[in-house]
Amino acid sequence: MASIEFDSYLERKAFDETKEGVKGLVDAKITEIPRIFHVPRDSLADKKPSVSDLEIPTIDFASVQVDTASREAVVEKVKHAAEKWGFFQVINHGIPLKVLEEIQDGVRTFHEEDPEVKKQYFTRDDDNKKFIYNSNFDLYSSSTSLNWRDSFVCYIAPDPPTPEELPVTCRDALFEYSKHVMSLGGLLFELLSEALGLESETLKSKECLKTLLMVCHYYPPCPKPDLTLGISKHSDNSFLTVLLQDNIGGLQILHQDSWVDVAPLPGSLVINIGDFLQQTFCEEKETTMVTETSIEFDPYMDRKAFDETKEGVKGLVDAKITQVPRIFHVPQDSLTGKKPSVSDLKIPTIDFASVDLDTASREAIVEKVKYAAEKWGFFQVINHGVPLKVLEEIKDGVRRFHEEDPEVKKQYFSRDLANKNFVYYSNFDLYSSSTSVNWRDTFTCYIAPDHPTPEELPVTCRDAMFEYSKHVMSLGGLLFELLSEALGLKSETLKSKECLKTLLMICHYYPPCPQPDLTLGISKHSDDSFLTILLQDNIGGLQILHQDSWVDVSPFPGALIINIGDFLQKMGTKTSVDPFMERKAFDETKEGVKGLVDAKITEVPRIFHVPRDSLADKKPSVSDLEIPIIDFASVHVDTASREAVVEKVKHAAEKWGFFQVINHGVPLNVLKEIEDGGRRFHEEDPDVKKRYFSRDLAIKNFVYNSNFDLYGSSPSVNWRDTFACYIAPDPPTPDELPVTCRDAMFEYSKHVMSLGSLLFELLSEALGLEPDILKSKECLKSLLMLCHYYPPCPQPDLTLGTSKHSDNSFLTILLQDNIGGLQILHQDSWVDVAPLPGALIINIGDFLQLITNDKFISVDHRVLANRQGPRISVASFFSSSKRANSTVYGPMKELVSEENPPKYRDITIKEYTDGYTEKGLDGTSYLMNLRI
Ligand code: OGA
Ligand code: NI
């Protein structure tokens, strides 16, 4: 958060001001590397000598001027390297060995020069200087770690430096080497132009050779090479880079998802394609073709050439090609799963014949639809009411259009559905798909809400489309009714949400393919719709991914295929990756996670799975860091003692956002009672708990549920049940609370209120303000208590107890039992908050960060799932209210000034809570939405 960044800023600045770079640190004989250089934990998990046998191509330029055939052979190699690798090494490049050695020595001599001499060249932003020395050009802007490297930069062309502008240590070497680099650059741009099938001079005519910047790096030895990088992953901001490296090694390139070493090859130069060269050919599409590694070279040109034929894949087939062009090739190995599905599984087939017969028949169909939508997302319908003849007609119409004279089709060629109702093209994502182009042509027509006029449609398919779409609309109406019923809702619900309003018809034509193993008709995707009604002919090829296997959807004459689209899945679940239906089914048990554990499941259901690899950072924190522990025993003894405590609170609230308090005044037996009470409630007979099952804290004072954000946009469900109770300002009546925990809650909450009061006083003082200032802003007014129950988890590596979040409160007082699992994100690492018997954990919530204008920080935290358990925790939030409360909060006027302007806009707590709840614990901070 902001103050953490601020810390880092100060550290970076201190480093910068030494003007001695990384070398200065090494000269000072440091044995640990400073935190600002640490890469995020685990980001170097892939750091190892590349195991692959792959090597970037090495190209011998010796024969480049010998004769046409030799040159062409070199061009061919350059083309291959530029296209497939983006990197290659050149030998016999024409630069004398001596010149290479001289420049290496010159660079070393400069960097090992007396620091006082180097400092004369130290700067970051002097536009007039031709020679600049510093460490980490992006020191103040890089969002990750600093690099273990010093550099100097020299502008060579178009305006060469004068000798006086360069340090004597490397002056001659720079002039000599750069002269050679210019001429090698000239040759390289010629070869690259030829490799593109263009005139040799083309790239030079685009001024690729005009500007030359030389950056000379010095990588001091590093005492802890596993914690940092010499240069972070990047692609070059250039047309082309000529790189000379010494014999130490370390350079790696990302090739086909693996880091491949570029091993030193004495006497050679490394060449790599930069972003601009990649971009030069992509002007119209701006940066869409620019990948992170710049490895792709000319697929854009190939795709564009294909596009400009306006004849689609059919045009290729008509031209009798026998090989599938490269742009259609799927990445190697991505089709190893391609085979006729061996499984006997078939998507469900549902007969709609009796849907309007009687209630029982309809219910039976709804049941089948429910099952299919939940378990498969796909089903086939027979007796759907669309006459066979209409189906035949539309298939023929589509075929007629695609097999029409290309000149006629070209009239419709476009991708602009915003302005046209009918467009024909091949591959809507031709210029954006990062994988391969599909073996398929398509036309698309908007049918509803605004019908096309007959003239807008080609005669070949006009009537068929009108006829078929009429039927599709009415079948769609029926399907949304059945799906609504399957959700336990009123028949009209989905239609009332306008699911049926828009209809887009997409008609594909898959020409026969000479090499079907190299490409796909349609890449893997889910549909960008509420619901899709699909008609296929009898050729086959459609597969769906079901339980991790590809299952064929075999042609079934007369049937229509129905599938649930992304929007329907998202309704109620927002961006969830897990089917809404599964979450709902879990919810409806009203037994929470404990119910699953009681049922002795041995596998964690899919809806609880966190996205793969998102727990790569899950382990007991290795760091020795611990959140501060503050002893409140002396807080009322005398002024000096209190000030000492305030000082500690200030430090903790500013730097950690979290601390533990001992001697806080809440008796040990009260802590034990609330823990036991929480456990008693959760381990109560499920039928008793169900009486409290609800998410509606707006009208109830006590609710029990699992995952308050079950229907929000959190990516996975948490392994946790919870009950929640509003304690203040309107305390619940005893009969509103379950007997199992009633007394404990009253007792504990009384103490929490008074500890809260003390905390707000200390925090006010820590802000340098009157002790009552925070209370006067009603920070202490509302109290919401959550009691979490984390059942033991059979597969703790697949899920979380509580996802990463910061708290929707001013302040939270948390009691945890002795199981452990709570972690906070501190300086980019997860730090355990180890159980400390008798202590209470205090953390700053989002509102306090907001009203203190970032002086205090609301820090992200999470709870790991655990094989042991149950784990009990009680979180008491000041103040979290979904209830009407018109107080508007924004950065306190006492804390803002001209130099420190408000960082957040004003908001009411209710507004904030509604947004926070709707979003759910999706790992992002809601506070950031209010940033000015
Ligand atoms: C919370 C929370 C942590 C825990 O309820 O906001 O972070 O240990 N709880 O249960
Ligand atoms: Ni929390």
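In which loop is the place of Pro158? Select the stretch between β4 (150-157) and α6 (171-195): Pro158 sits in the loop that joins them. The model on screen is a predicted one.

**Stop 1: the cis peptide bonds**

Stay at Pro158 and show the backbone. The bond from Ala157 to Pro158 is cis, and its omega is near 5 degrees. Next, select Gly869 and Pro870, whose peptide bond is also cis, with omega near 5 degrees. Pro870 belongs to the loop between β29 (861-864) and β30 (871-878).

**Stop 2: the nickel site**

Show the side chains of His805, Asp807 and His861, which are its protein donors. The donor atoms are NE2 of His805, OD of Asp807 and NE2 of His861, lying 2.1 Å from the ion. Along the chain, the spacing of the donors reads H-x1-D-x53-H. Colour by secondary structure to see how the two histidines link distant parts of the chain: His805 is in strand β24 (residues 800-805) and His861 is in strand β29, 56 residues apart. Are these two residues, His805 and His861, buried or exposed? Both are buried.

**Stop 3: the cavities**

Two cavities of 30 Å³ or more are found in the structure. For the largest, select Trp719, Tyr790, Pro791, Gly801, Gly820, Val863, Leu864, Ala865, Asn866, Gln868 and Arg871, the residues that line it. The space inside is about 60 Å³. Sorted by class, this lining consists of six nonpolar, four polar and one charged residues.

For the second largest cavity, of about 30 Å³, select Glu311, Lys314, Gly315, Asp318, His402, Glu404, Pro406 and Lys409. Here the lining has one nonpolar, two polar and five charged residues. Helices α10 (312-318) and α13 (406-410) each supply at least two of the lining residues. The largest share, three residues, comes from α10.

**Stop 4: the nonpolar cores**

Which residues of the largest nonpolar core touch the most other members? Select Phe632, Met745, Tyr748, Leu763, Leu774, Phe810 and Leu811, which have that place among the 72 residues of the core. The element that gives the most to this core is helix α22 (residues 742-766), with 11 residues.

Centre the view on Phe632. Apart from neighbours within four places in sequence, its contacts are Val645, Val649, Phe659, Val661, Ile662, Asn663, His664, Leu755, Leu758, Leu759 and Leu762. Another core, of 53 residues, lies apart from the largest one; to find it, select Ile365, Val386, Tyr425 and Leu478, which are among its members.

**Stop 5**

Go to Asn383, in the loop between β11 (378-382) and α12 (388-402). Although Asn383 is not a glycine, its phi is positive, at about 50 degrees. The residue is partly exposed, and its relative accessible area is 48%.

End at Glu778, in the loop between α23 (773-776) and β23 (783-790). What is the phi of Glu778? The value is near 70 degrees, which is positive in a residue other than glycine. Glu778 is partly exposed, with a relative accessible area of 30%.

Definitions and conventions
Residues numbered from 1 in each chain as written. Chains lettered and ligands numbered in written order. Predicted model: local features only at pLDDT ≥ 70, side-chain atom pairs only at ≥ 80, totals over all residues. Heavy atoms only, no water. Core = buried A, V, L, I, M, F, W, Y, C linked by side-chain atoms within 4.5 Å. Buried < 20%, exposed > 50% of the residue type's maximum accessible area, 1.4 Å probe, protein only. Helix = DSSP H or I, 4+ residues; strand = E, 2+ residues; numbered from the N terminus. Contact = heavy atoms within 4.5 Å. 1 Å grid on protein atoms, 1.4 Å probe; cavity = no way out; pocket = protein on both sides within 12 Å on 5 of 7 lines; lining within 4 Å. Points joined across faces, edges and corners; volume = space filled by probe spheres on them. Nonpolar A, V, L, I, M, F, W, Y, C, P; charged D, E, K, R; others polar. Donors = N, O, S within 2.8 Å, 3.2 Å for Na, K, Ca; no water.
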